[in-house]
Amino acid sequence: MDYLLIQVTNGAIIGIIYALIAVGVTIIFSILKIVNFAHGDLYMLGGYTAYYIVTFLGVPPLGALFLSMAGLFLFGIVLERLFLTPLYSDRTERKDEYGLIVTFGLAFFLRNTALIVFGPFPLRPPSFVPGVVHVGGLAVTNDRIVAGAVGVLLILALLYFMHRTIWGQALDAVSQSRDSAAIVGINPRRFNSLAFGVGAALAAAASALIAPIYSLSPGMGVLPNIQAYVIVILGGMGSVLGSIVAGILLGEAEGLFTAFFPDPTRALAYTNAFGVLVLMIALILRPTGLFGRRHVRME
Amino acid sequence: MRGLHIYIALAVAVLSLVSARTLNAYWMHVAIIAMFYGILASSWSLLAGYAGLFSLGHMAFASLGGYTSALLVQWYHIPIPLGMAAGVALCTVAGGLIGWVCLRMSGPYLAIFTLGFSEIVRIVLSTEDQVTAGMAGLHTAPLFRAPTDLPYYYTAFGLLLFALAVLILITRSRWGLFLRALREDEQAAAACGVAVARFRILAFAIASGLAALAGGFYAHYIGILTPSLGSLDLMAVVVVMAVIGGMERIPTAVGGAFGIEVLQETLRAYGQWRLVLFGIILLLTMRFARNGLLTPLWRLLTGIGEARRPAPAPRGIGPEGSRP
């Protein structure tokens, strides 16, 4: 029973982290109309950035988290300016194919550069708050609590930004109709950059939060990237709230799957496959996601 | 000069057959691997370049084909060519099935779906290690027991020729036209009477079968098979090859494969940096020369001796170009 409870708690925390990654994918999709295949690698990069800020500059981990978010926000904007501008030109044919290959190539480039620069060995940054909390028979490390709490705060901040600020509303307007947004005086180009930067920053936050629990490695982004697609497909492309709900659900489902899988030596490997299988079945049933917003679709 | 490319292709083919005996063991190996990649890159470009079905599961099929053949040979001691044929048959069916399942998925959703498929294949292959030996590697029976790799060289050559013949026959026929119509606009193609479903499934089945052929050959040539044959990095290398050569033509994709493989070997001293370099090349090619590097190069070379013709209209301008 305790084991089950631990899995449920861990599932919820992982789910929040997944939601942070997936929300970035969905924001980028709703504005740029591309699926970002490099998102998992931006996530990886964010974690390493936070790690090096902590070890070299001596900034406390929570400060490093925000610095890393700022860094990835800028890096995302640079990437978007460098490689994604052809997406907005009428002269580019088959934009979804272009977006796909470019982000896929970007992922390949970032992953292999990280392998050289950061080395293949896993790194573990210092804890946010060392120690363990006992609640009843349940032992939860402080890092997991911090990850869950900061994750929830960031999601709430994002929801506030999206729904209660003028920039967030403008972002939503651009996602609904680029032309109409331009007519009422919103510069869509600026919001392309903003969306990509915000997506990258959220991924960085997720990575910095998860790093003390698992650790950092250059290939760490591959599976979360796919999990993010699972969430985005389940929650609906372009729906921020849907991603959050689906993220937590997926985290729980995976935790329970690990708990109930008959063969514990293989449980972990098949937990990853389980998420992917959910993705494939969801895509077969609803090729554009389960709760997709109607106006958000490929051009 | 009309038909120049055919003469050049013939000359290259004859030259590579004749000069095979003079290659040393190292370059022989490089050539064989280049031909292996040639099959993969060209069949992928049928899928992605012609039909516009951007699949990330191509290497998963190569890996499936390799494992099917290796395991069948190991369990039932059937002749190796039969094992390879079984792998090809399995992957043709599985590829058709994937094509059928993804009929309603467009661009990125299809890529996500096939990415998921390839990850599942990789996870299962590395986890079920009592059967597949997992990451330790499955030892496979060699196709030939000869002192040199010469028989492998000729086999690889024959397989590449076969794959190219199949692919070029398809792309030159009405089917190729249908596939390109699918790529440009599926609804318009359907309205013109193209059987969209049939051709999407067909493209998947053929490309996957050829990938399995390459994978089966690779398994029995290298002698050891690991799940990393189906890894995302190798998939990316195949994408780099096809895109750099030009994924909208079959022969240029093969050219890209040869170019990248030779580059990979000559830069061996730089290790991991090569993949970074390929990533940069891919990004720059996509950003600035989406037709690949070989087609413009070819235009440049053949255009030297000829009278000036009006330049072809840039992509995206013209009756079919201005899509929203």
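A residue counts as buried if 20 or more other C-beta atoms lie within 10 Å of its own, as exposed if 12 or fewer do, and as partly exposed in between, with C-beta atoms placed from the backbone.

This is a predicted model, in which local features need pLDDT of at least 70 and side-chain atom pairs count only at pLDDT 80 or more, while totals for chains, interfaces and linings use all residues. Residues are numbered from 1 along each chain as its sequence is written, and chains are lettered from A and ligands numbered from 1 in the order in which they are written.

Leaving aside neighbours within four places in sequence, Met241(B) is in contact (C-beta atoms, placed from the backbone, within 7 Å) with Tyr37(B), Ala41(B), Ala253(B), Gly256(B), Ala257(B) and Ile260(B).

## Interface between the chains

On the side of chain B, 41 residues are in contact with 41 residues of chain A. Helix H5 (107–127), helix H11 (232–245) and helix H13 (273–288) of chain B each supply at least two residues of the side that touches chain A, and H5(B) gives the most, with 14 residues.

By residue class, this side of chain B divides into 26 nonpolar, 10 polar and five charged residues, where Ala, Val, Leu, Ile, Met, Phe, Trp, Tyr, Cys and Pro count as nonpolar, Asp, Glu, Lys and Arg as charged, and the others, Gly among them, as polar.

## Hairpin in chain A

Strand E1 (residues 132–135) and strand E2 (residues 138–141) of chain A pair in the antiparallel sense over four bridges, pairing being assigned if DSSP finds at least two bridges between two strands. Val135(A) stands opposite Leu138(A) in E2(A), and in this hairpin, which has two residues between the strands, Gly136(A) takes a positive phi near 60°.

Lys33(A), in the loop between helix H1 (2–32) and helix H2 (39–57) of chain A, has a positive phi of about 60° although it is not a glycine. Lys33(A) is buried, with 22 other C-beta atoms within 10 Å.

In chain B, His77(B) lies in the loop between helix H3 (58–76) and helix H4 (80–101), and its phi is near 55°, a positive value in a residue other than glycine. His77(B) counts as exposed, with 9 C-beta neighbours inside 10 Å.

Methods
Two residues are in contact if their C-beta atoms, placed from the backbone, lie within 7 Å.
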